[in-house]
Amino acid sequence: MKYIKYIGNALLTIVILLFAVTAAISFFSGPDDEGLLGYKGYTVVSGSMEPVFSAGDFIFVKTTPIEEIETDDVVTFLRDEEFVTHRAVEVTNTGLVTKGDANNIADQGEVTEENYIGELALIVPYFGYVVVATQQPLVLGGLVALLGLYYILIYVKGNKEEKQRVEDVNN
């Protein structure tokens, strides 16, 4: 039983850290923000880059300078007030020509330094669904309540076990 408690606590700690890091990165992921430690995070909302990543995946983007981008790098940029992540198919003197892997034609217009965000660093499959769900007040409140209940149960059970040990030593 003791091992289950340790494994449960370890898993819970990992999940909490993952949510905390993701929330912090997402908070600093606006177009004008620097990101958190040079990274930004976004939930994928379309299948334009399948099979590399799909709708519902969560991506981490490194704020690499646009001058370091080469053909075939996957970049994130702002287009019509939406974040887009597509592959650079050509590097020109004025910017980047991009195209989604699942699309038949290249994107209209070039990505320039003004609308460029960064380069794809990491993909976490399906995690975007979790991020979006936790942004709903009822889901977040439910998770916080479950977490609080878990810690209360662990505390109460720990106190009962300690009390029993003390009684066993005294008898």
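**View A. Glu 113 in the loop between E5 and strand E6 (116-124).** Strands (E, at least two residues) and helices (H or I, at least four) are DSSP runs, numbered from the N terminus. At 56% relative accessibility, Glu 113 is exposed, where exposed means over 50% relative accessible area, buried under 20%, and partly exposed in between (1.4 Å probe, protein chains only). Together with Glu 67, Glu 68 and Glu 114, Glu 113 makes up a surface patch of negative charge. Patch members have over 30% relative accessible area and no salt bridge, and like charges are joined within 9 Å. Areas come from the Shrake-Rupley method with a 1.4 Å probe, with only the protein chains shown counted as cover for residues. A salt bridge is a side-chain nitrogen of Lys or Arg within 4 Å of a carboxyl oxygen of Asp or Glu. Asp and Glu count as negative, Lys and Arg as positive, and His and the chain ends are not counted; the place of a Glu charge is taken as CD.

The model is predicted: local features need pLDDT of at least 70, side-chain atom pairs count only at pLDDT 80 or more, and totals for chains, interfaces and linings use all residues. Residues are numbered from 1 along each chain as its sequence is written, and side-chain values use heavy atoms, with hydrogens and water left out.

**View B. The hairpin of E3 and E4, with 2 residues between the strands.** Val 75 has His 86 in E4 as its bridge partner. In the turn, Asp 80 has a positive phi of about 55°. Glu 81, also not a glycine, has a positive phi near 65° and is exposed, with a relative accessible area of 77%.

**View C. The hairpin that joins E4 to E5 through 4 residues.** E4 and strand E5 (residues 96-99) are antiparallel and pair over 4 bridges. Val 97 in E5 is the bridge partner of Glu 90.

**View D. Leu 37 in the loop between helix H1 (2-27) and E1.** Leu 37 is not a glycine, yet its phi is positive, about 55°. Its relative accessible area of 81% makes Leu 37 exposed.

**View E. The cis peptide bond between Glu 50 and Pro 51.** Omega of this bond is about 10°. Pro 51 belongs to the loop between strand E1 (39-43) and strand E2 (58-62). Most peptide bonds are trans.

Note on methods:
Two strands pair if DSSP finds at least two bridges between them. Patches are made of residues with over 30% relative accessible area and no salt bridge: like charges are joined within 9 Å, nonpolar side chains (Val, Leu, Ile, Met, Phe, Trp, Tyr) within 5 Å.
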